[in-house]
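Let's take a look at the aromatic rings in this protein. Here is the structure to keep beside you as you read.

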Amino acid sequence: MKKIYQRPTITKINEGMPSKFGNRATLKAITKIDGIDVHEIINKYGSPVFVVSEKTIREKYKQAYSAFSTRYPKVQFAWSYKTNYNDAVCRIFHQQGSWAEVVSGFEYQKAINNSVAGNNIIFNGPSKSDEDLVLAINNRSLIHIDHFDELYQIIELTKTLSERPQVAIRMNMDTGVYPQWDRFGFNYDNGEAWTAINRIMMNEKMDLRGLHAHIGTYMMTPEPYKVAAFKIATLANKIKQKWQHSISYIDVGGGFASQNTLKGAYLPGTDTTPSFDQYAQAITDAILSADFDPQNMPFLFLETGRALIDDAGYLLGSVLANKRLADGRRATILDVGVNILFTSFWYEHEVYPTKETGFQTEDTILYGPLCMNIDVVRQSIKFPLLKKGDNFVIKRVGAYNMTQWMQFITLRPKIVLIDTNGEMHVIRNNETLDVFKDSEIIPEHLR
Ligand SMILES: *Cc1c(COP(=O)(O)O)cnc(C)c1O
């Protein structure tokens, strides 16, 4: 067979040499996911395709849940829908025992459709319409109030409803992490949260059920959670003193880091990410040492998202082409871009070949298929010399990509679930032109 011509350039070959980062990093091929050959998956469902491992989701959930439940007697997880709201994925979490944590009316409806009981839905977020709130109030869902306007909105609604709103407030606070996330909820440190609590307690038509703080995302140390949990517990006891009212739960939100590597990080995420045990230790230490009545300890709620699902997601794709940039650098064009891999804006995603490739690698830039300058999957990666048509696997893509993906320039691909028996199921179909036929309307004069 005639070989494909490539213009020659002189580049340094990285053949097994140690660098300042240590020994040669061979990219081991990923040939199988949960026992299934990746080529079989691509042949059957096309390229690119997202793959979700049910086994990994269940294992991660059990790890995280046991880290908390062994340290504290009353623990409840709520699955953060926006992290991955594919129904099959949500239902796996619900089967494991997770409630639902939603941040919009749309997500709320999804949780209801997934048969989550109304009182097992936590409704967060800064945007809740009257309609959303009425539904949540009547279902006795836990409404986490974000700002005073929402509090007044709920107070207005209580005038016409018989059901008592079950509410908590979201708080933001100084936990030693900067910049501070102060755009959501009421500020703790300047007394705003305390004002909101008093305003709620004075109202005779709603129940203050809990206190909530989601202090940030991809938190790289457990200490800020200790500070947050302690501050929340302190406030809960202040409520007890002034109002003789015990809140029933403390919700410390999500934000645990996954093992992905952030852009610009010196060490890989696999080396730096705290374990569930470390996060759990920090949080439960703070709550156990607070002044709660041992007979009446509050529930600990967790809304962890990315740390539970990132590892379960894979993105399989194919090389479209190779080229040389003007400066001689190797560029490889993939059929996967920022449109479906949104997290490549934040992470140095790990990209693996699907068969053994030998030792030769070259500093390569990985582009996506879009006709857009920003469509870069990796700015610089020591990568084997894959050819047009070769496949690759991108690891740890389960969080936020299947919700933040865009229908931009191309259509979105299928999502395939591998169940715990090694059976494959399409859990979301690829988009087709019908998306446009169904939603675009051509005015009469343009027909
Ligand atoms: C997004 C979000 C979460 C989940 O965050 P992760 O960083 O994915 O763990 C939890 N709670 C709230 C309120 C959120 O907005």
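This is a predicted model: local features need pLDDT of at least 70, side-chain atom pairs count only at pLDDT 80 or more; totals for chains, interfaces and linings use all residues.

Residues are numbered from 1 along each chain as its sequence is written, and side-chain values use heavy atoms, with hydrogens and water left out.

The structure holds 23 aromatic pairs. Rings of Phe, Tyr and Trp (its six-membered ring) pair if their centres lie within 6.5 Å; planes under 30 degrees apart are stacked, over 60 edge-to-face, and the rest tilted. Here are two of the edge-to-face pairs:

| Pair | Centre distance | Plane angle |
|---|---|---|
| Tyr-65 and Phe-77 | 5.6 Å | 65° |
| Tyr-225 and Phe-256 | 5.0 Å | 75° |

Tyr-65 lies in helix H2 and Phe-77 in strand S4, so their pair ties together parts 12 residues apart in sequence. (Helices, H or I with at least four residues, and strands, E with at least two, are DSSP runs numbered from the N terminus.) Phe-77 is buried at 1% relative accessible area, while Tyr-65 is partly exposed at 30%. Buried means under 20%, exposed over 50%, partly exposed in between (1.4 Å probe, protein chains only).

Tyr-225 in helix H8 and Phe-256 in a loop are 31 residues apart, and both are buried.

Now for the charges: the charged end of Lys-238 sits over the ring of Trp-194, 4.4 Å from its centre. That label needs NZ of Lys or CZ of Arg within 6 Å of the ring centre and within 35 degrees of the ring normal.
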